[in-house]
Amino acid sequence: MSEIPQPQKSVWPIFVFGLIALALFLIGTVVLLSFSGPAPDEGAARSQERAKAYADLQAENKKQLETYAWADKAKGTVQIPIDAAIQLTLLRLQSQQPVPAGPITLPATPAAAPAVATPAPEAAATPVAEPAATPTTPAGEPATP
């Protein structure tokens, strides 16, 4: 039997269809982008409102940090400038004598661990200065600077 000749398929219809599809895609993209232009600048008004609110807050904070006022008149609480508060706090702290810390109590040790002896409070209150070690050479002689 002989083979029946098949008609050859042309590539041109597929090529033309591809070009048309690409052209439609590009036209659709251009149209979509042209209609979706930048939105109206609604953020500028909100940005100005936020900037004004921030400036108002900064002014209020500055006023509170730099002026005298009643915080609670019924309780007799006043507000003073921060610089004055710092000076008063420094004066109060400088007038106080330092107090020694009390003895440190260690947590209970388990029975298996050796007990740690705590020094007497009198010994801890007066530290003993130890002499500095003199550096020596390998021969055992004092090193000279």
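Guide: Let's start with the salt bridge: the structure holds 1, counted where a side-chain nitrogen of Lys or Arg lies within 4 Å of a carboxyl oxygen of Asp or Glu. This is a predicted model, in which local features need pLDDT of at least 70 and side-chain atom pairs count only at pLDDT 80 or more, while totals for chains, interfaces and linings use all residues. Residues are numbered from 1 along each chain as its sequence is written, and side-chain values use heavy atoms, with hydrogens and water left out.

The partners are K52 and D56, whose side chains meet at 3.2 Å, N to O. Both sit in helix α2, residues 43–66, and they are 4 residues apart, so about one helical turn separates them. Helices here are DSSP runs of H or I with at least four residues, strands are runs of E with at least two, and both are numbered from the N terminus. K52 is exposed, with a relative accessible area of 54%, whereas D56 counts as partly exposed at 41%. For those words, buried means under 20% relative accessible area, exposed over 50%, and partly exposed in between, with a 1.4 Å probe and protein chains only.

D83 is exposed, at 56% relative accessible area.

Now for helix α1, residues 12–35. Its 24 residues should span 34 Å at 1.5 Å a residue, and its end C-alpha atoms are 35 Å apart, which agrees; the expected span is 1.5 Å times one less than the number of residues. This helix is hardly covered, since the count of buried residues in it is 0.

Rings of Phe, Tyr and Trp (its six-membered ring) pair if their centres lie within 6.5 Å; planes under 30 degrees apart count as stacked, over 60 as edge-to-face, and the rest as tilted. By this rule there is 1 aromatic pair. W12 and F15 form it, edge-to-face, with 5.8 Å centre to centre and 85° between the planes. Both lie in α1, 3 residues apart, about one turn of the helix. W12 is exposed at 60% relative accessible area, while F15 is partly exposed at 46%.

W12 and F15 also belong to a nonpolar surface patch that includes V16, L19 and I20, with about 1100 Å² of accessible area together. Such a patch takes residues with over 30% relative accessible area and no salt bridge, joining nonpolar side chains (Val, Leu, Ile, Met, Phe, Trp, Tyr) within 5 Å and like charges within 9 Å.

To place all this in the whole: the protein has 4 helices and 2 strands, in the order α-α-β-β-α-α. Of its 145 residues, 1% count as buried. The accessible surface comes to about 14200 Å², with 66% belonging to carbon and sulfur atoms, by the Shrake-Rupley method with a 1.4 Å probe, where for residues only the protein chains shown count as cover. Among contacts (heavy atoms within 4.5 Å) with a separation of 6 or more, residues 24 or more positions apart account for 0%.
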